[in-house]
Amino acid sequence: ALKDYFYLANTYMCTGQHDLAIPELIKVIDTQGSLQTQAQWYLGLCYLKQGDREKAVETLESIQSEDYEPRVAGLLQEIK
């Protein structure tokens, strides 16, 4: 079920429906599962697409993954 939420969110994002993707990504993040970091990244991107820079920065800064560190740092530098 967790992957279903994640893939549904990605489908919404691909079709430009970021407002529908956000609650699905939050469900994934709240479960603290293996897709949590990826969901946080995509949630940050959704907030950016919606023009909510503050929530985007907050979400991206909450990512605790060395694998995502370069991407997060680069994006934060662009939007701050």
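The paragraphs below describe side-chain contacts in this structure, which is a predicted model.

The aromatic rings come first. The structure holds 3 aromatic pairs. In one of them, the rings of Phe6 and Tyr7 have centres 5.8 Å apart and planes at 70° to each other, so this pair is edge-to-face. The reasoning rests on the angle, because planes over 60 degrees apart count as edge-to-face. Phe6 also pairs with Tyr42; here the centres are 5.8 Å apart and the planes stand at 55°, an arrangement described as tilted. Phe6 belongs to helix 1 (residues 2–14) and Tyr42 to helix 3 (residues 36–49), so their pairing ties together parts that are 36 residues apart in sequence. Through ring pairs, Phe6, Tyr7 and Tyr42 are linked into a cluster.

Tyr42, with a relative accessible area of 26%, is partly exposed.

Rings can also be considered together with a charged side chain. Arg71 lies over the face of Trp41, at 5.5 Å from the ring centre. Arg71 lies over the face of Tyr68 as well, and there the distance to the ring centre is 4.1 Å.

The next topic is charge pairing. Side chains of opposite charge can pair when their charged atoms come close. In this structure there are 2 salt bridges. One joins Glu24 and Lys27, whose closest N and O atoms are 3.5 Å apart. This pair qualifies because a salt bridge requires the nitrogen to lie within 4 Å of a carboxyl oxygen. Both residues lie in helix 2 (residues 18–30), where they are 3 residues apart, about one turn of the helix. Glu24 is buried, at a relative accessible area of 10%, whereas Lys27 is partly exposed, at 35% relative accessibility.

The side chains of Lys80 and Glu61 also meet in a salt bridge, with an N to O distance of 2.6 Å. This pair links distant parts of the chain: Glu61 lies in helix 4 (residues 53–61) and Lys80 in the segment after helix 5 (69–79), 19 residues apart. Lys80 is exposed, with a relative accessible area of 58%. Glu61, at 43% relative accessibility, counts as partly exposed.

The last topic is the cysteines. A disulfide is a covalent bond between the sulfur atoms of two cysteines. The structure holds 0 disulfides. Cys14 is in no disulfide, and the nearest cysteine sulfur, that of Cys46, is 10 Å away. The cut-off makes the point clear, because a disulfide needs sulfur atoms within 2.5 Å. The surroundings of the two cysteines can be described as well. Cys14 has 71% relative accessibility and counts as exposed, while Cys46 is buried, with a relative accessible area of 0%.

Key: Residues numbered from 1 in each chain as written. Predicted model: local features only at pLDDT ≥ 70, side-chain atom pairs only at ≥ 80, totals over all residues. Heavy atoms only, no water. Phe/Tyr/Trp six-rings, centres within 6.5 Å; stacked < 30°, edge-to-face > 60°. Helix = DSSP H or I, 4+ residues; strand = E, 2+ residues; numbered from the N terminus. Buried < 20%, exposed > 50% of the residue type's maximum accessible area, 1.4 Å probe, protein only. Lys NZ or Arg CZ within 6 Å of the ring centre and 35° of its normal.
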